[in-house]
Every structure is written in structure tokens, then in C-alpha cells.
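Subject: Structure handover, aromatic contacts

Hello,

Here is the structure for you to look through. My notes on its aromatic side chains follow below.

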Amino acid sequence: MPGTARAASSSSGVGRFPGVTFSNGDATPERETPPKEKEAARQEGGCQRFLRRLCPCCCRPKGSSYDITPTTPTTTTDNGTGNGTGNGTGNATMDGLEKEEEKPAPLPEPAQPQTGDKEMEELQLEVRSVDLLSTKSGQNRTEHNTDKFHGDDLIVRRGQTFQIEIDLSRPYCDNTDKLLLELKTGPLPLVSKGTHVIIPMVEELEDECWEAKIVERHGNKVKLSVNSPTDAPIGRYSLVVATRCPKSESVTMHDLKMDIYMLFNPWCEEDTVYMDNDEEREEYVLNDTGRIYYGTEKQIGARTWNFGQFDKDILHACLYILENSDVKPSGRGDAVNVVRVISAMINSPDDMGVLEGNWSGNYVGGTSPTAWSGSVDILRKYYQGGGMPVKYGQCWVFSGVTTTVLRCLGIPARSVTNFQSAHDTDVSLTTDVYFDENMEPIPHLNSDSVWNFHVWNDCWMARPDLPPGMGGWQAVDSTPQETSQGTFRCGPASVTAIRTGQVYLKHDTPFVFAEVNSDKIYWQRNLDGTFSQIHSEKKAVGHFISTKAVGSDKREDITHLYKHTEGSEEERIAVETASRFGTKPYAYSSPIAEDVQVEVKLDGEGPRMGNDAQLNIVVTNLSSQPRSTNLHSQVAVMYYTGVLKGTVKKDKLPVELMPNEVKTINWVLPFQHYQDQLVDQAALMLTVSGRVTETKQVVASQTTFRLRTPDIDIKPEGDAVVGKQMSAKITFTNPLPSTLRNVVLRVEGLGLRDLHPITIGDVGRHATVTVTEHFIPSQPGTRKLVAALDCKQLSQVHGVADIQVKDC
């Protein structure tokens, strides 16, 4: 696809954490090559230069009258089909700093051979055709675990041999003939950068290098086994095959028009993304559907997401993202570099990335974030639209697309949801709440927030750039929140480093640490303008960190990977270790004793949309003395990011406690109070605060909860057979005592049907709508049909059905 070239982002920006040095992995530019030398070098292929040095009399420099038959490799502009030998125009200026590092020495004039001689023509060795053996069911694709990808391109994984077959003009002779392969990637391939590869023929293959060996011969055909190193740059490579016959003193070059696609290899022990568990590889690389969690810690919701990393155009779209980025082809062999650039390119603010974020509630001109149910349509729109950001995304959409891209490129990845996720804006590693002298919040100081939930990604890799033991799962976040080295990106940050509080390790570990394990500290302004710490919540953030379990649709709690058990000595040590590297290291110098606790509890699954919301406020006196307090309760509608839309209800609750008494207060929010106030996630925040009369202790608690929405019911009908039409009944009931306007149902399923919007129109109060969807399955196996409701008044309504499709 054509794209607009852009300047690389500066790596010298202050970034998210001042004082921490980062490396972006860019190569040091070589000296500027004179234009004439550069043009000569460009027109002469690497194989031709190699053979000319090998035998000057056979390979004369361009411009002589010596009659040879080379085909000069040409640079082809990528038209988006993935069949050209170029890498697209999006990188036109990216590798402009990479120059040829040497000038070929002048060679003596060789003797002029005679042409037209019949015997000489018989001796000449030419390539008639090259078969990449790239069918989906063939040896290459199955052995490289790329047989699920759409189409018949040769898609291989680095560090593993693959086979190609060459049809020659006559049988190959070991004693006299020479065969050489040349691979190129990027707009300006260089041998010194590993982007221009000359592959020699060898007797025996060895590991860790580019090489090829003849493994079969049938008449004029030879089959080669080609090996690649485990640190080879991933991406799209063009192939040229060169042959030479000394007796005929001629060289021919065959420029193959099909590309070879190289990916990371989690099956190869020497690759940094190697994962040794078969079931985990199946889940985190090959599974094209998954679950993303949302809601609140007490009401965890789940939705099915179609990652679709093997679908049509998706591989080309993922490589197009890399080509539009500021990472040079020579840097695409480093998984850390690739993950970091993907984190930046999935969002759009500073690099025209894939998705434009929108948290306003107004999605005119695009798609509501809650209406997406997969990554395929998003990536296709970006690829086919020439790199224009797709509208709109929020955190789970950014995460879903990131999972797709990483899995497509061969990096094990999963979407991860953190409930009560802190957003630390000042690198204090605390979540700070400021009050004035009268205990009123100070809005301009309360920039930190706690999101109901936040979705990011884990990816799996070794970290040779970090101390031993820091490999494994790495946190990476594509949602644009804070800049890192001047660009909106986050990670990869070692989850082990986060757990132990080693926030001085790159990349962006302090930010992720604060999301999952910062304390919420309450500050009150003194009369002299200074602030004193009046209360702290040590268990306020980082709850029920969730991801889809391996091999099932169950939720797996991975909180223990990100933090020690709350309140344990190990967890407190990690918090205090991390805080020493923040901007408020003194926050833990004056701990405050507490003997009154406040907690908010939900009954069952919590309140449902359309009904009154009922919660319980539990106040506990841990002392042997009476305690009294006035609790101030305030509930506000809240975006899931922690931004409050407005207050819905306020109350003042006097509480008298006997020694060691536990008192439960029933709290009710009528439907009429919130029915016209809700935003996308139907979430509210209840804040309870007060001061104990006897001890002047400040008690405070903030609890978020959502109003549960109904599921869409999907019931398949008829036999599910590839190529045979079947149907499914899709049913939805409006839970509100008011009419839903302009309802659209979006249905899709990988291997079942492409995304299909169904216009429903208005749905009356408590009304039930049933539609029948007809489709023809195209892939066998267990497939998932997903439906999502697109309606401004009601969000996060979706459903899924498993359909077992038989082969025809």
C-alpha cells in the first residue's frame, strides 16, 4: 500500500521518566556516499558484485561491451498486494542514513568471448523458474507453523530451514557450476546491516547463519534447503538466484517476483521469543480468538475478541505498520525494538498509527469503541486506506489490535486487564488525592486517577538487555496515556521487575508499577500552603489482573505475577523500593495508625441496568473504645479511565460505633438518578469519606461499580458444514424502561462470515428483538460467531456462540 513517509521521532526527548536512559536500537549512520557511486551500487546486485570479485574475467563492470546475460534487480514500488519486491513507499526516507560502505575497485578488461556458438549455449547454465514450495499444505508452511495464514505466500520463521526448488536449463554440475542466492529487505539493502544477504552453497548446514545446501536432484531440477540465523530481521524479502558456468564464462541472474516473509520463531530455542510450552504457544501465537475483560473488580465482564492474525491482508497490514514506523529494517531482528515500535504505531497521536483514541462519547465519523469485536476490520481499513488512522479506539481495542499484530509477527502475546488501574501522571509512584483545609477536593492538583479497568498486553521474550531473570512476560501498552522518549508508547517492561519494585529497569517500568501497586495517598493543605499526609490506602489499586486461560475461555487471575500478596512483607518492600525512585520518596516516612475501616460491598453480581442500584457500606471499629464519625457519600458517573462526568447523588451519614462493632449501612441509587447520565461503560464511582471524632483519623474509600447489561443470545440452526448455508437466531432484550434509538447489530465470525452490520432501528422499552442471520462457513473446526450491539444509549452488550463446523 502506498503510504506517506514521515520523519523519525526524536529519541532525545525527556520521555516519561527523567534520568533514565533508553536505547532505541537505531544503527549509526554511515558516511555519505557520492551520488555516482550510490547509483552504480544500486544498479549492480550483490550476487553480481560477489561473482565479479570471484571471477573478474566473467563478470565485467557495467558499461563494457562484454556479452553477459545478467538481469539487473529492479526496485519495485509495493502496491499493497504483497507481491512486489519492494517494501512500499512508506519507508522512503526511513533508511536514508544507511549508505553503501564501500566502492568496488576497478577491474581489468577481460577477453571478449565469442557469442552464438552452439556448444557455448549448451554449456551456459540458466534458471528457468523457481518454486518457493509455498502452498499452505506443503512442507514449508506446515513445518514453520504458518499454514494458517491466508494465501500461498512463502511465510517462514527465522532460525529454521526451508526448501525451494530451482528448474535449470540443464543438469547442475558440482565441479563446474556455481549457484548463489541473494535476499534483500528494505528500501536500501546493505550487507553490513544484514538487510542484503548473499547466501552461499555449503556441503553441510550449520546453525546461526545464512546458508544453503542441495538436498535433492531430479534431471534439471534441484531442491535447496536454506537456513537463516535466529537474529535475522523479520519482514518481506525479495529473492534473486544467480548461476555461473566457468566454461561458458557467463553469469545469469533470475529475479523472482514473489516475496519471502520472515517471522519471529517461538518454536526455536535460540530465538529470543522462544516459548517452551506447546499449549502456551498454541494459545499465545496460534489462537486467533480470545477474551478481553472489562467492568469493575466486583463485576468482571468478558467479551470475545476476534484477533484474526491469519486472515486475508493481515500479515501485509502488520508489515505495513513496521514499514511506516521509524524502526529501520536492520532493527527488526530485535524483538524489544519491534514491540516498542508496535506500541507506538497502534495509536495515532504522533505517528499516524492504526487507531485514533476517543473518550468523548461522541463517535460521529467513526465506529464506537464498544462496537468493535475484532481486529481484522480495523487493520484492513488502515492498510487499504494508505495509513490513515481508523476511528475510534479505547484501551481494549488498542490491546486487541496489539495482540493481533504481535501474534501475526510471531511474538507470543495476550491481552491483560487490570482492575482499579492507577494512572500516575507525575512519576511519584503514588496515586495522590489532594484536599483543601475544609476537606474539599482540589481539582487542579488531582491529576492522578484510578481507572475502573485498563487493558494492555503481555508479550513473551528474553531480555538480554536487562539483568538475568528479567525475561519472560513483558508489559506493553499501546493506549496513548503518557509519552516515553517523546512518543506515546509504553514497554516492554519486565513483569518480574514490576513485581519486585525494580523500577529503574527499562522500558517504562515505573509507570506500569504505579498502575498495579501504587498506594493511594490523601493529602490535606495546611494553613501555610504545605500539604500533610492524612490517610493512605495500601490496597487501592491493582486487583484481579486477568487474562484468558490457556486452552479454555475461563478467566485466569495473574495478579501474583505483577505483585506479591497485598500487605505481605515482600509487597511492602517492593513498594518502598520503588518509591525511592519516584518524586515523593518521603511519602512513607510517617505511617498513620488506623482503627476504623470503611468498605463497600455488592450483593451477588451487583446491580443491573434499568434497576435501582443497591450497595452496602460496612464500617468496622477495630478498637476497644467507642468511635463516631460523619460519613460523606458521593456517587458520580465515571468514564472507565477514571474521569468523572458529574455527581449524581450526595448523602451525609452519621455513624456511631460501639467497641469492636461492625455496622452495615444500606445505600441505594434510584434508576431515575442515573438513567440520563451514563456513559459508555455504565460505570459509577462511590466516594465515602469522614473524620473520626475521637482520634481525628481520616477514613476514605472509593469504589467503582457498573450496571450489568444483558447478553445477546445466539442459537445456531442447521448443520455446520464448509460450503453449506446455515443460520443462527440472534436475540436481544432491551433492559431499560425507555426506547433504544438507532440500534445496529454487528455480526462476524472467523471462518463463518465477514463483519455484517444489521440495522435494527428503535427497540421499545423491555422489548425483545430476534433476527436470523444466514451465512456459509468457509473453515472447519470450532468457530465462534460473535455479535455486538452498537447503540449510544446502551454499550457493552454482546454475545458469542461456538459452532463446530465439519469439513465438506
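Start with Arg746: its charged end sits over the ring of Trp372, 5.4 Å from the ring centre. Keep in mind that this is a predicted model. Lys649 also lies over a ring face, that of Trp667, with 5.3 Å to the ring centre.

Next, ring against ring. Searching the whole structure gives 17 aromatic pairs. One of them is Trp359 with Phe398, a stacked pair.

Where do Trp359 and Phe398 lie? Trp359 is in the loop between strand 13 (355-357) and helix 8 (376-384). Phe398 belongs to helix 9 (residues 395-409). The pair therefore ties together parts 39 residues apart in sequence. Trp359 is partly exposed, at 27% relative accessibility. Phe398 is buried, at 1%.

Helix 9 also holds Trp396. Trp396 pairs with Phe453 in a tilted arrangement: 6.2 Å centre to centre, 40 degrees between the planes. Phe453 is in strand 17 (residues 449-461), so this pair links distant parts of the chain, 57 residues apart. Are Trp396 and Phe453 buried or exposed? Trp396 is buried, at 2% relative accessibility. Phe453 is buried too, at 1%.

Last item: a cluster. Ring pairs join Tyr284, Trp460 and Trp473.

Best wishes

Note on methods: Residues numbered from 1 in each chain as written. Predicted model: local features only at pLDDT ≥ 70, side-chain atom pairs only at ≥ 80, totals over all residues. Heavy atoms only, no water. Phe/Tyr/Trp six-rings, centres within 6.5 Å; stacked < 30°, edge-to-face > 60°. Helix = DSSP H or I, 4+ residues; strand = E, 2+ residues; numbered from the N terminus. Buried < 20%, exposed > 50% of the residue type's maximum accessible area, 1.4 Å probe, protein only. Lys NZ or Arg CZ within 6 Å of the ring centre and 35° of its normal.
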